Amino acid sequence: MTDPQRTSLRFAPHLEQLPPSAIREICRLVAIPDLRSLAGGWPDPAVFPTEEVRRILEEDLATAGRQALQYGATEGLLELRQLLAREAAAEGLTLTADQLMLTQGSQQAMDLTAAAFLDPGDVAVVGCPTYVGGTGAFATVGARLVGVPVDEDGIDPDALHRCVRTLAARKRPARLLYVIPNYQNPDGSVLPLERRRRLVELASRYGFVILEDDPYGALRFEGDPLPSLAALDPSGRVILARSFSKTISPGLRMAWVAASPEVLRRLAVVKQYRDCCTGNLSQQIVLGFLKRGLFEPYLARLRAHYRAKRDRMLAALDRHFPSTARWNRATGGFFVWITLPDDLDGEDLLQEALKRKVAYVPGRPFHVDGSGRNTIRLSFSQSDDASIDSAVADLGAALRELAARPRPPAAPRTARTAPPRPRARKVSRPPRKAVPGRKPKPKPKVERKTARRRR
Ligand SMILES: Cc1ncc(COP(=O)(O)O)c(C=O)c1O
């Protein structure tokens, strides 16, 4: 086949600036022999429920085999939707089966939501930092991404308020807010109840929808569960996405999305033209899991498994990292988020780490405003204890070596300390005139160096 780069193919203009996913690019490094990867937020295959899945397939395929191998309804198996709706009721979320649809991973819920609500140039507001799969999904439809600061308690509602008010005043209203309220990827933050309420109020007042992405909520190590934003929303503005990827298996590509009947119908019509329906075989497996009551005991095992890894990583960080670095406690989920001293760059550190055969994800790609250069994300989910210990020890050594090197006295702001103003990254095709709060900024030296290296 001819190399498309040498033909005159014309790609959709708003895709031209779409960066590859930083996470998926770094995960390609796992091919390096002996690499200890703290990069991917992948579940630990050692705890995949292979025995349970084998039993379900054996028993249920005998009765439901024909249905499992056939096309199905776009919304998914009715029995599974009813079951999920009943479980949601137990946590105070009142849903009927027609408010719920099975999707191919929660990534598809993001794609469908983007397609249903965003035109090229529309504003999607996201946390700084936030998950690149969410920002990427909005970018693929040509949305303009505006970042608001995230602190230890997730999105700052005062900053969000200022941001959406400014956008409304400039006649570029926010259309969508993307939130990961529980153990956010990448920084592990949990949005407290009061902030959840404020976000829902702001959505109603300023007329945007909220996409609540919650793949990690079930992996809670400490504290009590908090109500979802969807459960606090009287106005039907919240779209909730939950996934089985971090619990049962990402290979099944099974997640569900819940919304008001009107919104759900719209998402279902988009899905009809994307993939017809979610894989029936995967749905049968999840249905078999839930019907047999296997999920809760399995979750308890997972929580203990990942909590022990979290503890191991925190202990290793205490031993090997300098006191100039700060990190979160990770009360659930898969990630420890580290803030390095202001003048260090997570991408420079990665080069040092790779020399020692350690990988992780630098923090900057999680920031749509280009901040966060001095942050990094470590995942403890997939590594065994010995690898966590040695990888963190080597990373600590790499950090000390980098810190000891002479470098320009740059003082970049992290997202945690950045001013709470709406800042936009242009990811859509139209040439921008006025973006609220954006000022042209000279690129700091380190950034130029990194850009050169990438080329
Ligand atoms: C916050 C967040 N949302 C969504 C996803 C995608 O999950 P799924 O496998 O359900 O598409 C991930 C995966 O890492 C994630 O971290």
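Start by colouring by pLDDT, which is the predictor's confidence in each residue, from 0 to 100. The mean pLDDT of the chain is 89, and 87% of its residues reach 70 or more. Now pick residues 414–423: the pLDDT is below 50 there, and this stretch has 37 contacts in the model beyond near neighbours in sequence.

A bit of housekeeping. Residues are numbered from 1 along each chain as its sequence is written. This is a predicted model, so local features need pLDDT of at least 70 and side-chain atom pairs count only at pLDDT 80 or more, while totals for chains, interfaces and linings use all residues.

On to the ligand. Which residues are the closest to it? They are Gly 105, Gln 107, Asn 185, Ser 243 and Ser 245, out of 14 residues that surround the ligand (near means a C-beta atom, placed from the backbone, within 6 Å). By class, this shell has five nonpolar, eight polar and one charged residues. Here Ala, Val, Leu, Ile, Met, Phe, Trp, Tyr, Cys and Pro count as nonpolar, Asp, Glu, Lys and Arg as charged, and the others, Gly among them, as polar. Select helix H4 (residues 105–117) too: it gives the most to the shell, with three residues. (Helices are DSSP runs of H or I, at least four residues, numbered from the N terminus.)

Now show helix H10 (residues 295–320) with H12: they pack at an angle of about 30 degrees, with their axes 9 Å apart. Axes are lines fitted to C-alpha atoms, for helices over the stretch in contact, and angles run from 0 to 180 degrees between N-to-C directions. That makes H10 roughly parallel to H12; angles under 35 degrees count as roughly parallel, over 145 as roughly antiparallel, 65 to 115 as roughly perpendicular and the rest as oblique. Among the residues making the contact are Met 313 and Leu 317 of H10, and Ile 388 and Val 392 of H12.

Last stop: H11 (residues 346–355) against H12 (residues 385–404). Their axes come within 9 Å and cross at roughly 125 degrees, so H11 and H12 are oblique to each other. Click on Asp 348, Leu 349, Glu 352 and Ala 353 of H11, then Leu 395, Ala 398, Leu 399, Glu 401 and Leu 402 of H12, to see the contact. By class, six of these are nonpolar, none polar and three charged.

Methods
Helix = DSSP H or I, 4+ residues; strand = E, 2+ residues; numbered from the N terminus. Contact = placed C-beta atoms within 7 Å.
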